[in-house]
Each structure stands twice: as structure tokens, then as C-alpha cells.
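Please open the model in your viewer and keep the selection panel at hand.

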Amino acid sequence: MKESYDLVIIGGGPGGYEAAIRAGQLGMSVACIEKRINKGEPALGGTCLNVGCIPSKALLDSSHRYEATKHDLADHGITTGEVAIDISKMLSRKDAIVKQLTGGVAALLKGNGADWLQGTGKLLDGKGADKQVEFTPLDGSAPTTITAKNVILASGSVPIDIPVAPIDNEYIVDSTGALDFTEVPARLGVIGGGVIGLELGSVWRRLGSEVVVFEAMPEFLAAADKAVSKEAAKLLKAQGMDIRIDTKVTQAQVENGKVLVSFDAKGQAGQETFDKLIVCVGRRAYKENLLGENSGVELTERGLVAVNDFCQTNLDGVYAIGDLVRGPMLAHKAMEEGMMAVERIHGEKVQVNYDTIISVIYTHPEIAWVGLTEEQAKEKGHEVKTGQFSLAANGRALAAGEGQGFIKVVADAKTDRLLGMHVVSAGAGDIVHQGMIAMEFVSSIEDLQLMTFAHPTISEAVHEAVLSADGRAIHA
Ligand code: FAD
């Protein structure tokens, strides 16, 4: 540890650790302060690597394989013996993946000359040229003050608690607890029908839980294109997920080893019992012990750190990124903001294109989109044309037993410019990148129509969707 750095980053999640690596690449002296302990060991990687994106995807993959082996192989003429799941092995696999990745990040920081300071960072004063950051080590030794020419605040977010369903980490858990159930709950309640609730609900449903999702909003997946939310609701319900919109949980209490959930469903009171309840009602920016009284950093009314489009706070040389600031709480958004902040400190004029941040829900099939929904495009005054193609008419999807979902494109009818792509399909999270790249290059629908897509691939449905925007789809 040095007494003074070009850059100190507080928080070693995807935003903070990528910023640290980039700063090292650019030759800055850089420290990343991270206080997290995961399974007894200090760990970089933040929410995403430790208790978010990665462990949830490990469990989604295990549970998908289990379900597919149990139910889908017979169609292929493959017979198996009894299919069983060893939950502790599944959890160990997940933990090993997390450990491999967090260890890899530590090695990358080291390899790029960035110091990882294990402990808590607090910005005492960010106003002058030499910012003062207090560092309190995890090992219990006395706090020290380090100076930095620049600071990036990247302390991320934590799950929101709701008083009606207090977390006890045994029966009522948040998203972190739901990654570590040691057995499959017979009945699982999920409060919140957003991305995290649907993903975690899917994991345990595939493994045998009867899952009920309580969503207070009258609309399912309100941020998605209407055609997508309708299709997603249909497919998830067909899989056995009981999604109840317009249903507000009013009380959850543990009685005799079960969770009694009281709710109001469109004005009708009800009660049901569950073995476990996951509370996934959203996340809030995490600022505990981050800012000293004289830090000088301004916050928004909602308690986020206030930043401009370049993640600059009100103080010169103090940046804030990721879940701590406005915009979607997504790892890739945090990462790009981290790199932008560092490159701006280095004098470059980079920016993040917030119009092309991709959203993915890793259910099966996956749900993904980029850009404007049809409804948003209309609201913004575009004369809209759309194209849509069903995976049921895509040869590769059918060959793979993945003929569910569709690809939809939204475009401006006058300019032909692609405004959005919406995908419900196996691998949608990858396929939607075609829309993102096309939008970044300001592609027209015609540009995409004139390209040759390999046969047979699910990507051909992108081609068919853009053809269908002008009534030219071949297989529809
Ligand atoms: P974080 O990852 O939250 O990291 C911040 C770090 O800062 C933490 O490790 C914290 O310990 C540390 N910290 C905080 N305060 C201090 C301090 N004062 N001193 C030192 N250290 C401090 N996003 C996706 O894009 N794709 C997904 O598939 C996805 N899946 C998710 C699944 C789940 C179950 C959850 C919970 C989240 C998921 N997310 C996903 C969201 C994603 O994890 C976050 O958007 C992302 O981690 C935000 O990155 P960040 O760097 O801003 O903050």
C-alpha cells in the first residue's frame, strides 16, 4: 500500500475492478478498496461474481440440465436411469466457479500493478486536488488516510428489505440466501416478479419446487415490449410458474417451520403457506460508511450519488459508477462506466451509449432486448414499423427442441433505422447483441436484410424478422 495514488477506487465489483485493471493498463498508480468476505475469504468481484450474475447462472445451468435430462431426452430416443440431483454438489460447483473467477480477478489486478486494499474505504474529503480517503483494513489494524488525485466511488447496491417480510436467513431470504438452499423447498414463494425473482424462481422450480411469484404491479415485466412480456408470461406459466400480478404481500411470518404469507390479490385477501420465501423486490444503492461528513459529494433525491453522463460527480476528479448511480443496475453497465471514468481521467473523450444497454433475463427460453420497445418508440413520436419472426418456423431451433419464442425488431418507418430488438429464445442474451451492434452502427432494416445469415442458425430468425418488417419474411 502506498500513501498516495493517482486513483483510488472504493468497491471492487465489476465496475470497480474493471476500472482498476484499466487504470493499471494506462500506467496509473491505483488502489481498489474492497471489504467483501465471501465464504470466509476476502473476495473481489462484488455482488456480480460473489452473489449475483455468476452464481445464479451456475445454478440456472445445473437446474436446466437436470430438467432437460429428466424431461427432454426421451424425445431424442435417449433413455436414462432415475435422474436425481445432489444439491450439495450443485452448490459446491457454483462456489468453485465463483472462487475461480474472484481469484482470477485478484490475479488480474496484481498483474496490472493495481493494489487491492482489503477493507473499507471512506471518502473523507473529495474537494481539493489531493482527495483524502480513509482505509480501515479487514485485519482489524488501525485506519489510515491515503491521498488520491482521483477517486471512483463504486460501492454498488444491496437488496431492499421490506418490513412486511423480514429476512431471517432461514425461511425468509433475499437473493443471496436463495443461492444456498440446502434442499429443494416443496413450496417456494417469491416476492417480486422482476429479473432476479424470475431467475431464482426458475432454478428451484426446475428442481421440483412449486413456485408462486407475487408481483405487486398490475403489469408483468413492465419494462419489456408488450409482445415480449405476454410471451414470457405464457411460457413461464406453461412451465408451471404461478405468476400472480397485482398481488401485494401484506405480511409474511414464520410459524412452525413454514412461512405464512398474507396477500391482497386485486382487492381480495388471501393466505398461503410456503417452505421458503425469497424477497426480491429490488436493490438500493449502498453508501454505508462510504462518504465522510465533509466529503462534499452531492446525492440525488433518491439517495444515489449524483453524476452526469460521464459519471462525474459535482467534485473535480471524483467519479461514481455502477449500481451507486442512475440507470439500470447491471454489471455490464457498471463495467463500461468504470472504463469510461478511468479513460476520462486519462484525458480521453470516451462515453457510454446508454441507448444500447442490453437487458437479459436468463430464464429458459431467455428474454433479452436492446433499444426501444414498440410502445416507447411510438411515445417518442416515431412512425413505427415492426417485424417479428417465430422460432417455431426456424429449422435450427426446431432441430434443437427450442422452437419457443420469437425475434421482434422495431424500426422507424420513415428512416428505416433500427430502434430496438426484442428476443425470446434459447440464447437470446447472445442473439440480441446483433441488434446492439446494428444500432451502434446506425443500421437500417435494409442493411440487415441485405446480409447473409448462416443456415441453419437461430440468428436466421433475426434476418426473417427484419425481412418481415417490410412484409418479406420467407418462412412466415
Ligand atoms: P457491486 O457488484 O455491488 O460491488 C460493489 C462492491 O463494493 C461490493 O463488493 C462491496 O462489498 C464493496 N463496497 C461497498 N462499500 C464499500 C466500502 N465503503 N469500502 C470497500 N468496499 C465497499 N447483472 C447483470 O448485468 N447480469 C446478470 O445476470 C445479473 N444477475 C444478477 C443476479 C443476482 C441474484 C443479483 C443480486 C444481481 C445480478 N445482477 C446482474 C446485478 C449485478 O450484480 C450488479 O448490477 C453489479 O454487480 C453492480 O456492480 P457494481 O460494481 O456497481 O457494484
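L188 is found in strand β10, residues 187–191, where strands are DSSP runs of E of at least two residues and helices are runs of H or I of at least four, numbered from the N terminus.

The model is a predicted one, in which local features need pLDDT of at least 70 and side-chain atom pairs count only at pLDDT 80 or more, while totals for chains, interfaces and linings use all residues. Residues are numbered from 1 along each chain as its sequence is written. The chain averages a pLDDT of 98, pLDDT being the predictor's confidence in each residue, from 0 to 100, and the complex is given an ipTM of 0.99 and a pTM of 0.97 by the predictor.

Leaving aside residues up to four places away in sequence, L188 touches W204, S209, V211, F274, D275, K276 and I278, a contact being two C-beta atoms, placed from the backbone, within 7 Å.

Finally, show the ligand, which 37 residues surround, the closest being G11, G13, G46, G156 and G322; a residue counts here if its C-beta atom, placed from the backbone, lies within 6 Å. Elements that each supply at least two residues of this shell include α1 (14–25), β2 (30–34) and α7 (331–345).
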